[in-house]
Structure formats: C-alpha cells, structure tokens
Amino acid sequence: MAITLRAKDVMDKRVVLVDRSEPVSSALRRMLDSGIWSVVVTDDGRPTAVLTERDFVRMCLIRGCDGALSVPAGDVATSPLVTCGPDDPVGYVWKLMVERSVRRVYVVDEGAIVGRVTQTGLFQKLLETFIALSQLVSP
C-alpha cells in the first residue's frame, strides 16, 4: 500500500502578508494577532521573503533594539522565500527545509501563496498518518 502525502495535504492555509516597507512593529503586531510567528514580505505585491520572530530577535542581538520596531520589515526579512508546489511530495518539502535551513516552506499555486508547510505541521501529519496506518495493520 503506497501513500503519497503532498504539500497540499499537510499545509496550513493561514498566511499573513506585509509590504516590505511596513515597519517591523506592524509585522510583529500582525503575527501576534494571527497567532502565526511568521509573515510573508511582499515587494509590489510579489512574495519575496519571510519575517519571523527569530529574525527580529537576531536583529536586536546584532544591531541593538534601539529603533528596531521602526525598521522596514523587508530590511530584516530572510530572502529568498522558500516555496514549493501544492502537489510536491512531503519528502521534497522536507528536503527543502533541511537544505535551506528553514522551518517553513510556502506553497505557491499559479503564482499565489495558498499555504505554508511548517516543520511542526509536517511532523504532526506524518505522526497522524503513521498511527492511522498502524491501526489498519494491527490485529
């Protein structure tokens, strides 16, 4: 019995976008309001980078926190945005995470971001699938 999980099977459809010129304070507020600890940074409407709470902490540690909240989100964000297609197998998505040292991969369909696959979400789905399969084959 072969089961192929794809990005669309494990993705979270919640994605928050911010313009690269928005201040970090606005991006952090949107993270807090959404409960998602990353935002996609856009440039002229095109997704180009990701800003995480870790990016903000790293910036404060390196540059200091004075004025950190007024820095444009695009100046702190990690680029390029790591993406995959909705039908890409989760093995490929995991490989992207490992090779690019990222915790999330954004799912793009016809040029639009339709979701994100996180390490936590991927592990959770794989565990659920494993448990369901083990129950099928257990006596």
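Visitor: Is Asp55 buried or exposed?
Guide: Asp55 counts as buried, because its relative accessibility is 6% and the cut-off for buried is under 20%. Keep in mind that this is a predicted model.

Visitor: OK, and where is Asp55 found?
Guide: Asp55 sits in helix α3, which covers residues 53-63.

Visitor: What lies 2.9 Å from a polar atom of the Asp55 side chain?
Guide: That would be the backbone nitrogen of Thr52.

Visitor: Which residues is Asp55 in contact with, leaving aside neighbours within four places in sequence?
Guide: Val50, Val76, Ala77 and Thr78.

Visitor: What's the relative accessible area of Trp94, and how does Phe123 count?
Guide: Trp94 has 32% and is partly exposed. Phe123 counts as partly exposed too, at 46% relative accessibility.

Visitor: Now Ile113. Which strand is that in?
Guide: Ile113 lies in strand β6, residues 112-118.

Visitor: And what does Ile113 touch, not counting residues up to four places away in sequence?
Guide: Val15, Val40, Pro47, Leu81, Tyr106, Val107 and Val108.

Visitor: What separates the C-alpha atoms of Ile113 and Leu61?
Guide: A distance of 31 Å, with the two residues 52 apart along the chain.

Conventions. Residues numbered from 1 in each chain as written. Predicted model: local features only at pLDDT ≥ 70, side-chain atom pairs only at ≥ 80, totals over all residues. Heavy atoms only, no water. Helix = DSSP H or I, 4+ residues; strand = E, 2+ residues; numbered from the N terminus. Buried < 20%, exposed > 50% of the residue type's maximum accessible area, 1.4 Å probe, protein only. Polar contact = N/O pair within 3.5 Å; in protein donor to acceptor, adjacent residues only side chain to side chain. Contact = heavy atoms within 4.5 Å.
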